[in-house]
Amino acid sequence: MKRYIEIFAKIIENRNLVPKLGSILLAVVLWAYISSGKSGDVKFKLPVTFTGLEENYVVSRVSHKVVVVEVRGNKDELKNITSKNIKLVVDLSTAEKDEYKPYKIQYQKIDFADDFKVVLYPEDVKILIEKKIERNVKIFPRYSGNTEKGFMAGRIR
C-alpha cells in the first residue's frame, strides 16, 4: 500500500497536479458565485385604483396615493418589466362607509411570468368612503384688466 501511495505522490509531483487542481477548484467556485448573482430587483411608484365602489359614494381620503412596488427575479427577465405590467387595485365592494379603515392592496400582473416576487410598500392603504353630495351652483365670473397685445377678450360662459 505504501508503494502505491509513493507512486501516486510522484505522479502528482512530476505533473504539477496540485496547482492545476487548485485552479480548477477556484474556477468552479468563481463560476458558482457569479451565476448565483443573476437575481435582481426593480422598483416602481404606482398609483392605486379603486374598484367596486357604489355610484353614490366617493373616496374622500386616502393615506397613500402612490405605492412602491418592488419586483424581484432574474436580472435578464427583469429588463422586460415596466410599470405598465403591474396594476394596483383596492376592491371596495364590501367597504364600510364613513370609517377611515385600512384595505389590502392587490396587484394584477399583466404579461409577465409568476417567477417574480412582488412586494408592496405599504401593503395596505387607509381609505375614507363618504356619500357623494351634488349641488348646482350658479357662478358669475368677474374679470378685470386689459388683454395683452394681439389678444382679444371673448364672451365668458
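The structure holds four salt bridges. The model is predicted.

**View A. Lys97 and Glu54 form a salt bridge.** The closest N and O atoms are 3.8 Å apart. Lys97 lies in the loop between E4 and E5, and Glu54 in the loop between E1 and E2, so the pair ties together parts that are 43 residues apart in sequence. Lys97 is partly exposed, with a relative accessible area of 22%. Glu54 is also partly exposed, at 42%.

**View B. Glu70 and Arg72 form a salt bridge.** Their closest N and O atoms are 3.2 Å apart. Glu70 has a relative accessible area of 5%, so this residue counts as buried. Arg72 is partly exposed, at 31% relative accessibility. Side chains of opposite charge can pair when their charged atoms come close.

**View C. Lys104 and Glu123 meet through their side chains in a salt bridge.** The N to O distance is 3.5 Å. The pair links distant parts of the chain, 19 residues apart. Lys104 sits in strand E5, while Glu123 sits in the loop between strand E7 (117-121) and E8. Lys104 is exposed, with a relative accessible area of 52%. Glu123 is partly exposed, at 46%.

**View D. Strand E1 pairs with strand E3 and with strand E4.** E1 (residues 39-51) and E3 (residues 66-74) are antiparallel and share nine bridges. Here Lys43 stands opposite Glu70 in E3. E1 and E4 (residues 86-91) run parallel, joined by four bridges. Val48 stands opposite Leu88 in E4.

**View E. Three strands form an open sheet in the order E2-E8-E5.** The pairing is antiparallel. Strands E2 (57-62) and E5 (101-104) are the edge strands, and each pairs on one side only. Neighbouring strands of this sheet are turned by 50 degrees against each other on average, direction ignored. Four bridges join E5 to E8 (residues 124-131). Tyr103 has Val125 in E8 as its bridge partner.

**View F. Tyr4, Ile7 and Ile11 make a nonpolar patch on the surface.** Together these residues have about 320 Å² of accessible area. Ile11 is found in helix H1 (residues 2-14). Ile11 is partly exposed, at 37% relative accessibility.

How values were computed:
Residues numbered from 1 in each chain as written. Predicted model: local features only at pLDDT ≥ 70, side-chain atom pairs only at ≥ 80, totals over all residues. Heavy atoms only, no water. Patch = residues over 30% accessible without salt bridge, like charges linked within 9 Å, V, L, I, M, F, W, Y side chains within 5 Å. Areas by Shrake-Rupley, 256 points an atom, 1.4 Å probe, with all protein chains shown as cover. Helix = DSSP H or I, 4+ residues; strand = E, 2+ residues; numbered from the N terminus. Buried < 20%, exposed > 50% of the residue type's maximum accessible area, 1.4 Å probe, protein only. Pairing = 2+ DSSP bridges. Axes fitted to C-alpha atoms, helices over the stretch in contact; angles between N-to-C directions.
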